[in-house]
Amino acid sequence: MPVPLAPYPTPPAPYSPPAANGAQSQLVCSGCRNLLMYPVGATSVCCAVCNAVTAVPPPGTEMAQLVCGGCHTLLMYIRGATSVQCSCCHTVNLALEANQVAHVNCGNCRMLLMYQYGARSVKCAVCNFVTSVGGSASAAEQKFNS
């Protein structure tokens, strides 16, 4: 006599983000630097990993992120700040907007070049010379022909 087969178990429901009334936001834990999710309207968040309590910025505060130049930790800060000190390695990072640019004259042909803040060098599109903008580089490092 054949034995009836049990039906396959129903798969779990796929994850769906919370609705507008249960909206969530995120911030970086002040203790262990993990990304924390919290309900909008909370004033502080307790980390489940390290139990550190992190204060939530006031509503309407626009946040930005950058990666620390010293230890590569993700840092969150209030948009508009000019610098951010890493709580892990204490490196002071420049926090400039992505669209901010600077100018320098090419070290070879004197053409005015534009580059993004934070760049260490900029290559001239006219003569292919690489001009150092952060520190002094040797002439051998600066001459770059492609």
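A contact here means heavy atoms within 4.5 Å. By that criterion Y77 touches E62, M63, A64, Q65, L66, V84 and A95, leaving aside residues up to four places away in sequence. The structure is a predicted model, in which local features need pLDDT of at least 70 and side-chain atom pairs count only at pLDDT 80 or more, while totals for chains, interfaces and linings use all residues. Residues are numbered from 1 along each chain as its sequence is written, and side-chain values use heavy atoms, with hydrogens and water left out.

**Overall architecture**

- The protein has 1 helix and 12 strands; helices (H or I, at least four residues) and strands (E, at least two) are DSSP runs, numbered from the N terminus.
- Read from the N terminus, the order of elements is β-β-β-β-β-β-β-β-β-β-β-β-α.
- Of the 146 residues, 23% count as buried, where buried means under 20% relative accessible area, exposed over 50%, and partly exposed in between (1.4 Å probe, protein chains only).
- Of the contacts between residues at least 6 apart in sequence, 15% join residues at least 24 apart.
- The protein exposes about 10,500 Å², and carbon and sulfur atoms supply 58% of that area; accessible areas come from the Shrake-Rupley method with a 1.4 Å probe, and for residues only the protein chains shown count as cover.

**Confidence**

- Mean pLDDT (the predictor's confidence in each residue, from 0 to 100) is 76 for the protein, with 71% of residues reaching 70 or more.
- Where pLDDT is low, the predicted coordinates should not be read in detail.

**Annotated segments**

- The unreviewed UniProt entry carries the annotation "domain: Zinc finger LSD1-type" over residues 29–53, 68–92 and 106–130; UniProt positions are given in the numbering used here, feature names are shortened, and annotations may be inferred rather than shown by experiment.
- Over residues 29–53 the chain is 0% helix and 36% strand, with the end C-alpha atoms 8 Å apart.
- Residues 68–92 give 0% helix and 36% strand, and their end C-alpha atoms are 8 Å apart.

- Y77 sits in strand 6 (residues 74–78) and is buried, at a relative accessible area of 9%.
- The C-alpha atoms of Y77 and P57, which are 20 residues apart along the chain, are separated by 9.6 Å.

**Surface patch**

- L35, V67 and L74 form a nonpolar surface patch with about 250 Å² of accessible area together.
- Patches are made of residues with over 30% relative accessible area and no salt bridge, joining like charges within 9 Å and nonpolar side chains (Val, Leu, Ile, Met, Phe, Trp, Tyr) within 5 Å; a salt bridge is a side-chain nitrogen of Lys or Arg within 4 Å of a carboxyl oxygen of Asp or Glu.
- L35 belongs to strand 2 (residues 35–39) and is partly exposed, with a relative accessible area of 46%.

**Backbone with positive phi**

- R33, in the loop between strand 1 (24–28) and strand 2, has phi near 70°, a positive value in a residue other than glycine.
- N128 has phi near 65°, a positive value in a residue other than glycine.
- N128 lies in the loop between strand 11 (121–123) and strand 12 and is partly exposed, with a relative accessible area of 26%.
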